[in-house]
Amino acid sequence: MSARQDVLGRIRNNRLPAKVKPEVPDFPRLAKTDFLPQFRKGLEEMAGVLVDEQPGDFAAFLRSRFPNVKNVCSAVPEFVGNSTPEEYSNWADAGDIDVAIVRSPMAIAETGSVLLSETDLRVNTIGFLAHDLVVLLDPADIVENVHLAYRHPAFRNTAYSVLMTGPSGSGDIGGRVVHPAQGVMTLTVIFWPKI
Amino acid sequence: MEPVNQAENAKLFVEDREHERHFDRLIWAMRVARDRAAAAVPEWEQLRDLASETKEHVLSHLAEYLEQFEESAKRNGVHVHWANDAHDHNQIVADIMAKHGARTLIKSKSMLTEECDTRRFLQTRGIVVTETDLGERIQQLDDQPPAHIIGPAIQKSKEDVAALFARTYGSDPNKTDEVYLAQQMRNHTRPLIEKADVGMTGANFAIADTGAIVVVTNEGNADLSGNVPKVRICSLGIEKILPSNKELAVFIRLLSRSATGQPISQYTSHFRGPRKDGEMHVIIVDNGRSERLGMEQFWPSLKCIRCGACMNTCPVYRRSGGLSYGSTYMGPIGIIMMPTFDIHRYSELPFASTLNGSCSNVCPVKINIHEQIYAWRGVMDQKHQINLTKKAALKAAGNILSHPELYQIATAMADAALKVLPHFAIYNDLNAWGKHRELPEPPKQTFHQWYRHHRLKET
């Protein structure tokens, strides 16, 4: 008998009396006008940075935020960087990227999270092997909470997606959360309406 | 194998007062943060009910949901494997690696792979395994198991980590700044991540209707392990299934808030299929879970989502350290899970509890943990797993506590005796409580004497 048959057989032999699946409400509570401040609060609590106005000169903005960077990898049409995700056919090489720029299709007010999927990143590793990550977000794409967020088609259609909330962090040494962990060192979200 | 002597192990831990206080402070801070986070969500108790009911529904239809998950995952191009036990699981990993001629593996933290002792299994076969979670890597470098489900190295001070990194990485032993130490880890591990042949993750949840594996991390370890190498392996315990994303939302809202008080972790990652030029394997692991499903009293521990809230609130865990349990899972949840793996080896664990019920009160999926701990004590008695000294002491205590008059006489006599007895007569092997603590000054009168004197007089 295969392990599959063994496992399923034992589960069926030890079956519990059937319990009904509960209905999960969406728990809407916030007014639409509260989405933005709540998103900011959530993101900043997790050490993310919010820029709530589209910079007039984005190149100058990047130079001031990330001085001396050599490789800006852009996955967005709004800015031409030094490289594009497609140049990283070996996904492990994305560690050479100083700043990656990507657009998020959705964010969550409740938690300050941004959604990034393989469609947005194009090469998944640019989202966490890069030193710093800049995410463009249309404020109209913020949903209220996690329940509503999980309706986004990316969770059903893409092979990889992540809800990212602040930069990579660890509290494993002495309980103090620090941000040179394994992923990006900083996460900057810029409110930038879609073209 | 001899039973794990949790009390004896705890003795070593409490002897180091500085570490004991540091650990207690850190763990309690997580409990306080959890309370604050829970209070900020008006529907918190409703979410706990939903989570508990969802888990019970899934466990009562587990075979069907596993089959649905398998079908969805295969449709997404995932290779699905089934493992009866830890050895099966480890062999499947080794076989996948052999097929690819792979010699190096990077991992994100996974309690299931700890349970299966996967790292040791692979290392004895010449595979270099690198843990990418900072805490887990610290424990790997120190050849120790995790001391906490979500904070494996939380028992160590930053001075301990500085000394360890100096020994293993050659860093400055006098630099104890957390940022410096975390940077050391990043500098040494990043190159190993970028060159690894295969990546491995556990699974916090698996979604039956989409075939997705969901992994929650603070560092992005699953994203790195699951995306940098072309071959990805996910280890999945059979109880981690959820019907759909609708239910997943409930658990994502509860998990990090219960664990650390954060509204959500930095990375909630969803792996539905392989990258275009890669492979994805899911190993569905039983390892005793299906048998536990048939245990009338003990199946609810299968609802656990590994948040660690029960540990953070447990006074025994906080003052005896995670390693004292000598087991993969520690604290209250460990007490009720470990005897299902080996009843003799973990027969002492159910006594490492005050039965105060706080663990059950904070559990996000409403497992009746303290009632199960009590029930396990009964099982240990029935199965003759309690040593004679403990059994005699429990019998004497049972007699006294079930006879109020006898109890009042005994407490009055004990208080009187404590005032006159010499030190050796109080602090000896029969007084386990007094081994590491001074007894409090005995009161002038017992509560009953005080009550008779003050309250009964008034009426």
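**Exercises on a predicted two-chain model**

**Exercise 1.** In this predicted model, 74 residues of chain B are in contact with 59 residues of chain A. Find which helix gives the largest share of the chain B side, and how that side divides by residue type.

*Solution.* Step 1: helix α10 of chain B, residues 178–195, supplies the largest share, 9 residues. Step 2: sorted by type, the residues of chain B that touch chain A are 31 nonpolar, 25 polar and 18 charged.

**Exercise 2.** Describe how strand β8 of chain A and strand β9 of chain B pair.

*Solution.* Step 1: locate the strands, residues 160–164 in chain A and residues 267–271 in chain B. Step 2: their pairing is antiparallel, over 5 bridges. Step 3: pick out one position, where M164(A) stands opposite Y267(B).

**Exercise 3.** Decide whether F35(A) is buried or exposed, and list its contacts away from its neighbours in sequence.

*Solution.* Step 1: F35(A) belongs to helix α2 of chain A, residues 35–45. Step 2: 20 other C-beta atoms lie within 10 Å of F35(A). Step 3: the cut-off for buried is 20 or more, so F35(A) is buried. Step 4: beyond four places in sequence, F35(A) is in contact with L30(A), A109(A), I142(A) and E144(A). Step 5: G112(A) is 77 residues from F35(A) in sequence, yet their C-alpha atoms are 9.8 Å apart.

**Exercise 4.** Compare the span of helix α3 of chain B with the expected value, then state what its buried residues pack against.

*Solution.* Step 1: the helix has 16 residues, 44–59. Step 2: from first C-alpha to last it reaches 23 Å, close to the expected 22 Å. Step 3: its buried residues include L47(B), L50(B) and V58(B). Step 4: the buried residues of α3(B) pack against α4, β8, α12 and α13 of chain B.

Notes. Residues are numbered from 1 along each chain as its sequence is written. Chains are lettered from A and ligands numbered from 1 in the order in which they are written. This is a predicted model: local features need pLDDT of at least 70, side-chain atom pairs count only at pLDDT 80 or more; totals for chains, interfaces and linings use all residues. Helices (H or I, at least four residues) and strands (E, at least two) are DSSP runs, numbered from the N terminus. The expected span of a helix is 1.5 Å times one less than its number of residues. A residue is buried if 20 or more other C-beta atoms lie within 10 Å of its own, exposed if 12 or fewer, and partly exposed in between; C-beta atoms are placed from the backbone. Two residues are in contact if their C-beta atoms, placed from the backbone, lie within 7 Å. Ala, Val, Leu, Ile, Met, Phe, Trp, Tyr, Cys and Pro count as nonpolar, Asp, Glu, Lys and Arg as charged, and the others, Gly among them, as polar. Two strands pair if DSSP finds at least two bridges between them.
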